[in-house]
Amino acid sequence: MSATSSLTHTSKDTSPTTSIKTPSTTQNPTSLPLTHPNTTVTTTTKVTSTTPTPSTQCSYTVTPIKFGLQIDITGSTNGTYSIDITEEGQREIRSSVVYFANQTSHGLKHLKPCTEYEHNVAFNESDGRETPCQKTEKKTRTNAMSKGDIQVNNCRPGYVCYQSDWDISFSLSSSNHVSSERCTSDDKTLCIKLGNNDYCSDLTTTFTSGSCSLNLTTSITVDYINPSDIFQPVPTKLPAQIEPEFPINCRNLSIDYTCLDELNEPKNLTDLEPFTDYICTGQIKNNNVNTNKATTVRFRVDCDLTINTKNRQTNTSIELSWDTTSQNCPDVPELKNLNYTCSCTDSNQKGPITADKHPSGGTCHFTGLQPFTSYTCKVQPTYNNKDVSEPKEVAVKTEPGTDATSIIRYLVSFVFMATSVAVMVYISKFYGKNKQSKDDVNEDVMLETLTIYENPQASENENSP
């Protein structure tokens, strides 16, 4: 503590009012200053104490309140206090620093009900030291929880959630035996995932803390349903139908669907076309009354087209006809945007020959073709001028024909074949005849030799002059 002392000296001149001049003199630091008549001089000296500041005396009491404990500071001055509480048997310490000025109470909330807490309060001195405050007891037990302390909400679709200013992260169990999860948007809220059997029924949840427990039964209405949890089989045939599978206990639910095509044109479910992408939005109804729930289905129906072909051909033309059937699109003849393109390519790969047009009955005519030529003909289904499904291919060969060009080509082929046969026959006979000729030559030599020996006269006659 600091103290202040004062030393005062006063000089008063009682002589007649005259001016007195005093020679200038040098004063030492300890001499009093010279004064003129009617002048007062005051000298003040400040003395600083070196005694340590005594610790602040403080005390506090703890009272259970709703959702926690209340700290009341008594017999202390304004300042900053550190408050520490620890759940009995736990090591985690919850600390807070509170500045008390005009108020002397501070509430600690979001504690566990029916739980004993150890607590300590200390005054923070100006020099950084903490002075523990006196207390009447070391532990205080929180109150029990009541049903009104918990609010039920649907923080997350498909979940039932419980919010409270109590710490309810302790033992929590439900009749569907699903563990709780913390709500992502509120750390004071715990949620339980709902199963298919929980909707349109009652769910009982038990909260247990210490020696206290509380049962809370909640009616799980349609409002808790997560639309994405409703199974909606994607249509695979036409006319399209979507038959959603609702929770087993919800017997009065239905869905009305409205669809948009690739051009965002609205379509009824019964008017959908094949080979088209659709987005259908379903309005969920309960007893034919709209709810605030909707669902979405994306799908496309591709018809399994089966093309059965028949063909007739002449030497210069091919007529290709077909009929189309489908298992998942039985009304194929009524699909006005279903069309076909036809083409034929010859064996020499001279490029496709496309029919100018074909009737809706499923027939293509190809003319100006080469006689006696193999072609690969193809029927390609289209829908809205886009190729769909796999094409049907068939191999067709034109007739030989009777025109001059065909005859010449036929004769050339015949002559070539005949020549080949003749050459082969000649070669075969040549080898056979050559062998026989050699045998005949040997016989002639032997005969001539015999003749010489049997006709010596003739030989002499030939040699005589």
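The disulfide of Cys342 and Cys364 is right-handed, with 65 degrees about the S-S bond. Cys342 belongs to strand β25 (residues 338–346) and Cys364 to strand β27 (residues 363–366), so this link ties together parts that are 22 residues apart in sequence. The model is a predicted one, and the two sulfur atoms are placed 1.9 Å from each other. Cys342 counts as buried because its relative accessibility is 4%. Cys364 is buried as well, at 0% relative accessibility.

The protein has nine disulfides in total. Among them is the link between Cys114 and Cys212. The torsion about its S-S bond is about -85 degrees, so the disulfide of Cys114 and Cys212 is left-handed. This pair links distant parts of the chain, 98 residues apart: Cys114 is in the loop between β7 and β8, and Cys212 is in strand β18 (residues 212–220). With a relative accessible area of 5%, Cys114 is buried, whereas Cys212 is partly exposed at 23%.

Another of the disulfides joins Cys200 to Cys250. Here the torsion about the S-S bond is about 105 degrees, so the disulfide is right-handed. Cys200 lies in the loop between β16 (189–193) and β17 (201–209), and Cys250 in the loop between β18 and β19, so the pair ties together parts that are 50 residues apart in sequence. Cys200 is partly exposed, with a relative accessible area of 31%; Cys250 is buried, at 7% relative accessibility.

The table lists the values for these pairs.

| Pair | S to S distance | S-S torsion |
|---|---|---|
| Cys114 and Cys212 | 1.8 Å | about -85 degrees |
| Cys200 and Cys250 | 1.9 Å | about 105 degrees |
| Cys342 and Cys364 | 1.9 Å | 65 degrees |

Is Lys112 buried or exposed? Lys112 counts as buried, because its relative accessibility is 18% and the cut-off for buried is under 20%. The side chain of Lys112 makes a polar contact with the side chain of Glu87, at 3.4 Å. Beyond its neighbours within four places in sequence, Lys112 is in contact with Glu87, Tyr117, Thr142, Trp166, Asp167, Phe170 and Ser209.

## Strand pairing

Val62 has Ile71 in β4 as its bridge partner. β3 and β4 form a hairpin with two residues between them, and Phe67 in the turn has a positive phi of about 75 degrees.

One of the bridge pairs is Tyr257 with Gly282 in β21.

In soluble globular proteins, nonpolar side chains tend to be buried together. The largest nonpolar core has 62 residues, of which Tyr162, Phe207, Leu269 and Phe299 touch the most other members. Apart from that core lies another, of 17 residues, including Ile71, Phe100, Tyr117 and Cys133. Ile71 is the bridge partner of Val62, and Tyr117 is one of the contacts of Lys112.

## Confidence

The mean pLDDT of the protein is 79, and 75% of its residues reach 70 or more. Which elements have the lowest and the highest mean pLDDT? Strand β1 (residues 3–11) has the lowest, 32, and strand β21 (residues 277–286) the highest, 97. Over residues 1–52 the pLDDT stays under 50, and the model has 26 contacts beyond four places in sequence for this stretch. Residues 441–465 also have pLDDT below 50, with zero contacts in the model beyond near neighbours in sequence.

Conventions: Residues are numbered from 1 along each chain as its sequence is written. This is a predicted model: local features need pLDDT of at least 70, side-chain atom pairs count only at pLDDT 80 or more; totals for chains, interfaces and linings use all residues. Side-chain values use heavy atoms; hydrogens and water are left out. Buried means under 20% relative accessible area, exposed over 50%, partly exposed in between (1.4 Å probe, protein chains only). A polar contact is a pair of N or O atoms within 3.5 Å; within protein, one must be able to donate a hydrogen and the other to accept it, and residues adjacent in sequence count only if both atoms are side-chain atoms. Contact means heavy atoms within 4.5 Å. Two strands pair if DSSP finds at least two bridges between them. Helices (H or I, at least four residues) and strands (E, at least two) are DSSP runs, numbered from the N terminus. A nonpolar core is a set of buried Ala, Val, Leu, Ile, Met, Phe, Trp, Tyr and Cys residues joined through side-chain atoms within 4.5 Å. pLDDT is the predictor's confidence in each residue, from 0 to 100. A disulfide is a pair of cysteine sulfur atoms within 2.5 Å.
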